[in-house]
Amino acid sequence: VIYPDPDGRVLIPRELNGERGRTVFEAVSRRRDATIYWHLDDRYLGATHTFHQQSLDIEPGPHILTLVDDEGERVARRFQVLATR
């Protein structure tokens, strides 16, 4: 996992129109042809191939991002989303 950092704090800013923005989460695999399956708090988000990025709007609070590749390798990352005003 490239982003977010372990036990990191993420601030999702407001867009110019006042709506909540999104944050891009990113990972990399040792294998070019790997498929990565993304989960947030045990909820499946989708799969990525080649470019491993997910643009997410996440509610404030603690979260766990879990990535599992097509060979069963798994990594989990805890992080906190900060509340915006």
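Which residues touch the most other members of the largest nonpolar core? In this predicted model, where local features need pLDDT of at least 70 and side-chain atom pairs count only at pLDDT 80 or more, totals for chains, interfaces and linings use all residues. Residues are numbered from 1 along each chain as its sequence is written, and side-chain values use heavy atoms, with hydrogens and water left out.

To the opening question, then. The largest nonpolar core holds 13 residues, and Phe-25, Trp-38, Ile-58, Leu-65, Leu-67, Phe-79 and Val-81 are the ones that touch the most other members. A nonpolar core here is a set of buried Ala, Val, Leu, Ile, Met, Phe, Trp, Tyr and Cys residues joined through side-chain atoms within 4.5 Å. Buried means under 20% relative accessible area, exposed means over 50%, and partly exposed is in between, with a 1.4 Å probe and protein chains only. In soluble globular proteins, nonpolar side chains tend to be buried together. Two or more residues of this core come from each of S2, S3, strand S6 (61-69) and S7, and S3 gives the most, with three residues. Strands (E, at least two residues) are DSSP runs numbered from the N terminus. As for Val-81, its contacts (heavy atoms within 4.5 Å) take in Val-10, Ile-12, Ile-58, Glu-59, Pro-60, Gly-61 and His-63, once neighbours within four places in sequence are set aside.

Phe-25 deserves a look of its own. This residue sits in strand S2 and counts as buried because its relative accessibility is 1%. Not counting residues up to four places away in sequence, Phe-25 touches Tyr-3, Pro-4, Trp-38, His-52, Gln-53, Gln-54, Leu-56, Ile-58, Leu-65 and Phe-79. Take Leu-65: Phe-25 and Leu-65 are 40 residues apart in sequence, yet 9.3 Å apart in space, C-alpha to C-alpha. In a regular strand the side chains alternate between the two faces of the sheet. In S2, Thr-23, Phe-25 and Ala-27 make up the covered face, while Val-24 and Glu-26 make up the uncovered one.

Next come the aromatic rings. A search of the whole structure turns up one aromatic pair. The ring centres of Phe-25 and Phe-79 are 5.4 Å apart and the planes meet at 45°, so the pair is tilted. For the cut-offs, rings of Phe, Tyr and Trp (its six-membered ring) pair if their centres lie within 6.5 Å; planes under 30 degrees apart count as stacked, over 60 as edge-to-face and the rest as tilted. Because Phe-25 belongs to strand S2 (residues 23-27) and Phe-79 to strand S7 (residues 74-82), the pair ties together parts that are 54 residues apart in sequence. Both Phe-25 and Phe-79 are buried.

On to the strands. Five of them form an open sheet in the order S1-S7-S6-S3-S4, and the pairing is mixed. Two strands pair if DSSP finds at least two bridges between them. Strand S1 (8-11) and strand S4 (43-49) are the edges, each pairing on one side only. Strand S3 (residues 35-40) pairs with S4 in the antiparallel sense over six bridges, and Tyr-37 has Ala-47 in S4 as its bridge partner. S2 and S5 also pair in the antiparallel sense, over five bridges, with Val-24 opposite Ser-55 in S5.

Gln-54, in strand S5 (residues 52-56), counts as buried because its relative accessibility is 13%. Beyond its neighbours within four places in sequence, Gln-54 is in contact with residues including Thr-23, Phe-25, Trp-38 and Thr-48. Thr-48, in strand S4, has a relative accessibility of 6%, so Thr-48 counts as buried too. The side chain of Thr-48 makes polar contacts with the side chains of Trp-38 (2.9 Å) and His-52 (2.7 Å). A polar contact is a pair of N or O atoms within 3.5 Å; within protein, one must be able to donate a hydrogen and the other to accept it, and residues adjacent in sequence count only if both atoms are side-chain atoms.

Last, the loops. Most residues other than glycine have a negative phi. Asp-42, in the loop between S3 and S4, has a positive phi near 70°, and its 78% relative accessibility means that Asp-42 counts as exposed. Thr-50, in the loop between S4 and S5, has a positive phi of about 65° although it is not a glycine. At 53% relative accessibility, Thr-50 counts as exposed.

Terms used. Helix = DSSP H or I, 4+ residues; strand = E, 2+ residues; numbered from the N terminus.
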